[in-house]
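Have the model open beside you as you read this note. We will go from the whole chain to single residues, one point at a time.

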Amino acid sequence: PLLVRPASIIPMGISDTQVEYDYTDGLTLWISWMEEGDRAETLLVDSRGRHIGTALAYRENDRILVEVRGEVGSWEARLLGRETHARKENGKVILE
């Protein structure tokens, strides 16, 4: 089992067989459980360790909003351990 602190973001790339690849394309942001008002932020890096963006998540009005700022290709957000409905709106992913 993976133990994750509440209100955390875990970025995971698309490949589980390669060490070096474009992490920014096909990125999945796994969000751990958040209480109302919680916020999380994590830096996103490329395969050379250069900062290329930031992922932000926050809970408000009983939903979790996730956004990415920077030079990131395709991405999605999911909630760890729970089935949720995800939709995109104004550049953000909303988990309900």
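1. **Before you start.** This is a predicted model, in which local features need pLDDT of at least 70 and side-chain atom pairs count only at pLDDT 80 or more, while totals for chains, interfaces and linings use all residues. Residues are numbered from 1 along each chain as its sequence is written, and side-chain values use heavy atoms, with hydrogens and water left out.

2. **The elements.** The chain has zero helices and eight strands. Read from the N terminus, the elements are β-β-β-β-β-β-β-β. Here helices (H or I, at least four residues) and strands (E, at least two) are DSSP runs, numbered from the N terminus.

3. **Overall dimensions.** Along the principal axes, the C-alpha atoms fill a box of roughly 40 × 35 × 20 Å.

4. Of the 96 residues in the chain, 38% are buried. Buried means under 20% relative accessible area, exposed over 50%, and partly exposed in between (1.4 Å probe, protein chains only). The chain exposes about 6,400 Å², and carbon and sulfur atoms supply 46% of this area. Accessible areas come from the Shrake-Rupley method with a 1.4 Å probe; for residues, only the protein chains shown count as cover.

5. **The three-stranded sheet.** Look for an open sheet with the order β1-β2-β6 and mixed pairing. Two strands pair if DSSP finds at least two bridges between them. Strands of a sheet pair through backbone hydrogen bonds, either parallel or antiparallel. β1 and β2 (residues 27–31) are antiparallel, with four bridges, whereas β2 and β6 are parallel, with five bridges. As examples, Met12 stands opposite Thr28 in β2, and Leu29 has Ala77 in β6 as its bridge partner.

6. **The five-stranded sheet.** The order in this open sheet is β3-β4-β5-β8-β7, and the pairing is antiparallel. β3 and β7 are at the edges with a single partner strand each, so one side of each lacks a neighbour in the sheet. β5 and β8 run antiparallel and are joined by four bridges. Across this pair, Ile64 stands opposite Leu95 in β8.

7. **The core.** Which residues have the most contacts inside the largest nonpolar core? They are Leu29, Ile31, Leu44, Ile64, Val66 and Trp75, in a core of 20 residues. At least two residues of this core come from each of β2, β3 (39–45), β4, β5, β6 and β8. A nonpolar core is a set of buried Ala, Val, Leu, Ile, Met, Phe, Trp, Tyr and Cys residues joined through side-chain atoms within 4.5 Å.

8. **Contacts of Ile64.** Leaving aside neighbours within four places in sequence, Ile64 is in contact with residues including Ile31, Ala57, Leu79 and Val93. Contact means heavy atoms within 4.5 Å. For the chain, residues 24 or more positions apart account for 45% of the contacts with a separation of 6 or more.

9. Asn61 is in the loop between β4 (51–60) and β5 (63–70), and it has a positive phi of about 55° although it is not a glycine. Asn61 is exposed, at 61% relative accessible area. Asn90, in the loop between β7 (86–89) and β8 (92–95), also has a positive phi of about 55° without being a glycine. Its relative accessibility is 75%, so Asn90 counts as exposed. Finally, Asp16 lies in the loop between β1 and β2 and is exposed, with a relative accessible area of 75%.
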